[in-house]
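Trainee: I'm new to this one. Could you walk me through it?

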Amino acid sequence: MLHIGNEYLPLCSGQTRRSFLQVGAAAMAGLSLPNWLNLQAMGAVDEKKAKIRNCITIFLVGSPGHLDTWDMKPDAPENIRGKFKPISTSVPGVQICEHFPRMAKIMDRVALIRSLHYNSGSSHENGQRWMMTGHDFDAANKQPHMGSVISKMYGSNGDLPASIVLPTGIGNTGTTTPHGQESAYLGSAHQPFILGSDPARSDFKVADLEAPAGQSELRIEARRKLLHELDDVQRRVETSSTLERDTAYARAFNLLTSPTTKKAFDLNEESPKLRDRYGRNTFGQSCLMARRLIERGTRFVTVNQFDTVFGISCWDMHADGSSLNNTYADYEHVLCPQFDLAFTALLEDLQQRGMLEETVIAVISEFGRTPTINPKGGRDHYPSAFTNFMAGGPIRGGRVIGSTDKIGAMPHDRPVDPPQVIASIYQAMGIDLETTMLPGPGNRPIRLIDAEPIRELFA
Amino acid sequence: MDQKLEGTPKATLQLDGHTVTRSDVSNDWGTRLQWKISRDGKEVATVAAGIVPTFEHADTAPGKYEVVLQQFQYVSYLKDKDGKFTQSKYIDISAPVSYTI
């Protein structure tokens, strides 16, 4: 078998001379772009450039404790209410953690969903799949990421991929099951493009957009011409299905050589002051890059705040004294301040550029954390109640959807489950869930998500 | 990928009476900012700097006061058995200003 990105081309049987030529020509060009590029043309990408809103999803890998952030219970016993204090916000009666002072000032633009819950296991991966696909895990029937659904249904809107994951995909969070950021049955053509690099670093480069060592753009252009000539010969004798692949290679060359595309990833084009406003850290600069990508045609950007929960400062505050030794100290000194800065910068930046009405922002996590503080001073995984939130597009800010009981143990009213959040994201993007069907497994038309949107987000 | 904070944050302070006003932070790491207050060379308080750029320390005990802006420099999540960061710490990001009561 030959291998291009994640696509395997059969050689032993079913090999065509054309596929061999393509692989050879691509190798000559030094291409090693991810599979979405190689296969985009094969996946029945709809290039109708439909008018929908864009979406930036911020995924809080590790998952903040809801009682320590956006659903505080100051009247609960000490071993439940935690260490932090609530502060008032721009919305009367709505309080959030004292370590989100900037967010408190713009709560009128944010809709909190405080009654999220599910009951099917509390692994990180389970939560990731719920919140990014809207489905529980089924090994025999893996479900696509929201960005892949958007890619499939609406295609790309220019040279950039329709769905991009920043700064990198989710790696080890405990088990080896999928993270819900894959295209599943939609095929490799709709895999998100994963940046795979830290945009906050001074030596930041998008590896896949760099010409291979020793290959100037002139040489790449010469090889494009050679590939084109080979294609001309083959085009006369082969079928339309093989021609679809040509587009992938054309896109690969375009992405590799297009100044516009490269500029989309160049944060040095932003003012130092704005870069500071987002925070000079991996998450902050990823949020800034998300805005740049949306501005330039990407429809769906996922920002993973972390790619693991082990051996780093992240939301997964077990306080276990080992590789999961995140505590209140991490929340206070690193996590809350960095989130507060970047999230509010993103909202304000989008608004100042007139982009907020056309961009939906969803801040989601795997689950909440246990109401009772554990013996080591941390909190553990808790999917029975948690808070996520949305803003932008048609989302009505200043709202609190649902509530939890006195100790944040379970929804008290208006329980919401993950598929409803996904449905709300799609609806906020302008997708009519009643009439828009996804070609599911076996091309059977299915709803994008089998749930109703949370109507209070829009009313 | 664990974040590697690069560069050095900087801010300038202005003193008006006992009130300190800070500039925006350049190369802002986004981590927590705090005021460190010393009296006669000994640290007496640290206070979250928050989003309000001005600060006035409430203590009126006689002495020479020095105020400096600090930011948390994240290096790693590692902590000692008491839960204190072992590599990450607060660093000064401004020149100090001082006044006497």
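Mentor: Let's start with a term: a residue is buried if 20 or more other C-beta atoms, placed from the backbone, lie within 10 Å of its own, exposed if 12 or fewer, and partly exposed in between. This is a predicted model, where local features need pLDDT of at least 70, side-chain atom pairs count only at pLDDT 80 or more, and totals for chains, interfaces and linings use all residues. Residues are numbered from 1 along each chain as its sequence is written, while chains are lettered from A and ligands numbered from 1 in the order in which they are written.

Trainee: What share of the residues in chain B is buried?

Mentor: Chain B has 101 residues. Its C-alpha trace spans about 45 × 30 × 20 Å along the principal axes. The buried share is 31%.

Trainee: How many strands does chain B have?

Mentor: Strands are DSSP runs of E, at least two residues, and helices are runs of H or I, at least four, both numbered from the N terminus. Chain B has zero helices. Its strand count is eight.

Trainee: How many residues does the contact take from chain A?

Mentor: Two residues are in contact if their C-beta atoms lie within 7 Å. Chain B puts in 24 residues. From chain A come 31 residues.
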